[in-house]
Amino acid sequence: FLHLLMQLAANPIHSVRMMSAKALVALVPLTEYSKVLASLVGDLPPCGTATSHNTLHGQLLHIEAVLEAGLDAGCLIPQELQDVVKSLEMKLWLVSPAQRCPLIQAAYLKIVSLVLSLCSEEFLCNLQLVLLAELETSPTRLMIGSGIFRRATTHYLCAEAVRAGNIHQLERIGRLLLCEDLDIRLAVLTWIMQDLSCKDQLAGCWILKLLLV
């Protein structure tokens, strides 16, 4: 049945791809989550491979669904999960300028956000540099999912700035958050309203003060 679900994952209709991911979680036994997750991540193409955007987006939706369900159920084998994370780190290109589909970029970022505590510092540093560069670059043309990806990127960078408490990161992000991009400004306001814990941390207070000046 996995083959059939992968065919649905490549469907050009977004809702069908979403449904196939939900179906996958429902059909895979908990004891098989680690194996299926490793297989899905292993099937992600290397940079430069000609792959349909719909297919790649569907693959990422499947990975996200199984990973999130496995983490919630606590059924993922620790060592195998760490191997999956290492494989995901090697796919950084999925959120870089090499991949110009915002929906794919946003899906990859969401997956990584589920396992941040297991990611290497080197990867997190490289990821932040890629995302900062993305926000500093004005879109040359509107693409489906651009707003979604830029808002997700802003949320991630805000949260990471608070977590790390690095003043240089905060200053650079602070300048971005005061730009004219409406998607970024909206993302900042949403983050402030949703992540109230940021107000209780020194770095969070610094960002809030900067934004409200």
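Arg100 is partly exposed, with a relative accessible area of 40%. In this predicted model, Arg100 forms a salt bridge with Glu134. The closest N and O atoms of the two are 3.7 Å apart. Arg100 lies in the loop between α5 and α6, whereas Glu134 belongs to helix α7 (residues 121-136). The pair thus joins distant parts of the chain, 34 residues apart. Glu134 is buried, at a relative accessible area of 11%.

The count of salt bridges comes to 2. Lys110 and Glu64 also meet through their side chains, at 3.0 Å from N to O. Here, too, distant parts of the chain are linked: Lys110 sits in helix α6 and Glu64 in helix α4, 46 residues apart. Lys110 is partly exposed, with a relative accessible area of 46%. Glu64 is buried, with a value of 11%. Side chains of opposite charge can pair when their charged atoms come close.

Glu89 presents another case. This residue is in helix α5 (residues 78-89). Glu89 is buried yet has no salt bridge. The nearest side chain of opposite charge, Lys86, is 8.0 Å away. Leaving aside residues up to four places away in sequence, Glu89 touches Tyr108, Leu118, Cys119, Ser120 and Phe123.

The overall fold is helical. The protein chain has 11 helices and 0 strands. Of its 213 residues, 44% are buried. Among contacts with a separation of 6 or more, 69% involve residues 24 or more positions apart.

The axes of helix α6 (residues 102-114) and helix α8 (residues 146-164) come within 8 Å and cross at roughly 30°. That angle makes α6 roughly parallel to α8. The crossing is left-handed. On the α6 side, the contact is made by Pro102, Leu103, Gln105, Ala106, Leu109 and Ser113. On the α8 side, Ser146, Ile148, Phe149, Ala152, Thr153 and Tyr156 take part.

Loop residues also make contacts. Pro46 is placed in the loop between α3 (33-42) and α4 (53-73). Pro46 is partly exposed, with a relative accessible area of 47%. Pro46 touches Lys91 and Trp93, not counting residues up to four places away in sequence. The C-alpha atoms of Pro46 and Met90 are separated by 8.8 Å, although the two residues are 44 apart along the chain.

Methods: Residues are numbered from 1 along each chain as its sequence is written. This is a predicted model: local features need pLDDT of at least 70, side-chain atom pairs count only at pLDDT 80 or more; totals for chains, interfaces and linings use all residues. Side-chain values use heavy atoms; hydrogens and water are left out. Helices (H or I, at least four residues) and strands (E, at least two) are DSSP runs, numbered from the N terminus. Buried means under 20% relative accessible area, exposed over 50%, partly exposed in between (1.4 Å probe, protein chains only). Lys and Arg count as positive and Asp and Glu as negative; His and the chain ends are not counted. A salt bridge is a side-chain nitrogen of Lys or Arg within 4 Å of a carboxyl oxygen of Asp or Glu. Contact means heavy atoms within 4.5 Å. Axes are lines fitted to C-alpha atoms, for helices over the stretch in contact, and angles run from 0 to 180 degrees between N-to-C directions. Angles under 35 degrees count as roughly parallel, over 145 as roughly antiparallel, 65 to 115 as roughly perpendicular and the rest as oblique. A crossing is left-handed if the near helix is turned anticlockwise from the far one by less than a right angle, and right-handed if clockwise.
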